[in-house]
Amino acid sequence: MSSRQLFIAQLGACTRTINAEIKKQIVEVGAVRTGRMKNTTKVKVGYDFGRDIFFIKDVNSQFYYIFVDKGTRHIAPRNITDKTFNRPRVQEALDKVYDKWIDWLIDRQFE
């Protein structure tokens, strides 16, 4: 498997880790009543090969996720997204992505 393929595979693994951890975080902050937000929340980690930049697509969830996450005048913020990205498993997954990315960057210099 080439270093580019390993990098792409690691992006997928990172996406799966973040999705699992954000669901745990939703439960931990007590933002679950029916489970709908937990069951529908998705995050996608990607890489734009044309511009050499990472991106995280918006958190795809129920509309009210934004209000629960960031808060409003009437709702205290739960900071689900920030707390998720600070979780150790997410940090480890991101570190692995960066390791594979650097391997690929080095390898492509010699192609």
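Select Glu-21 and Arg-87 to begin: the two form a salt bridge, with their closest N and O atoms 2.5 Å apart. This pair links distant parts of the chain, as Glu-21 sits in helix α1 and Arg-87 in the loop between α4 (80-85) and α5, 66 residues apart. The model is a predicted one. Glu-21 counts as buried because its relative accessibility is 3%, under the 20% cut-off. Arg-87, at 13% relative accessibility, is buried as well.

Now zoom out to the whole chain. The protein chain has 5 helices and 2 strands, and from the N terminus on its elements run α-α-β-β-α-α-α. Its C-alpha trace spans about 55 × 25 × 20 Å along the principal axes. Of its 111 residues, 33% count as buried. The whole structure holds 7 salt bridges.

Next, select helix α1 (residues 3-28) and find Gln-5 in it. Gln-5 is partly exposed, with a relative accessible area of 44%.

Move on to residues 45-48 and 53-56. These are strands β1 and β2, which run antiparallel and are joined by 4 bridges. Asp-48 has Ile-53 in β2 as its bridge partner. The two strands form a hairpin with 4 residues between them, and Asp-52 in the turn has a positive phi of about 55°.

Asp-48 and Arg-51 meet in a salt bridge, at 3.1 Å from N to O. Asp-48 is partly exposed at 25% relative accessibility, whereas Arg-51 is exposed at 60%.

Then select Asp-52 together with Arg-108. They form a salt bridge whose closest N and O atoms are 2.8 Å apart. Asp-52 lies in the loop between β1 and β2 and Arg-108 in helix α5, so this pair ties together parts that are 56 residues apart in sequence. Asp-52 is partly exposed, with a relative accessible area of 32%, and Arg-108 is partly exposed with 27%.

For the last stop, select Glu-92, Asp-95, Asp-99, Asp-103, Asp-107 and Glu-111, which form a negative surface patch. Glu-92 is found in helix α5 (residues 88-109) and counts as partly exposed at 47% relative accessibility.

Key. Residues numbered from 1 in each chain as written. Predicted model: local features only at pLDDT ≥ 70, side-chain atom pairs only at ≥ 80, totals over all residues. Heavy atoms only, no water. Patch = residues over 30% accessible without salt bridge, like charges linked within 9 Å, V, L, I, M, F, W, Y side chains within 5 Å. Areas by Shrake-Rupley, 256 points an atom, 1.4 Å probe, with all protein chains shown as cover. Salt bridge = Lys/Arg side-chain N within 4 Å of Asp/Glu carboxyl O. Lys, Arg positive; Asp, Glu negative; His and termini not counted. Charge placed at Lys NZ, Arg CZ, Asp CG, Glu CD. Buried < 20%, exposed > 50% of the residue type's maximum accessible area, 1.4 Å probe, protein only. Pairing = 2+ DSSP bridges.
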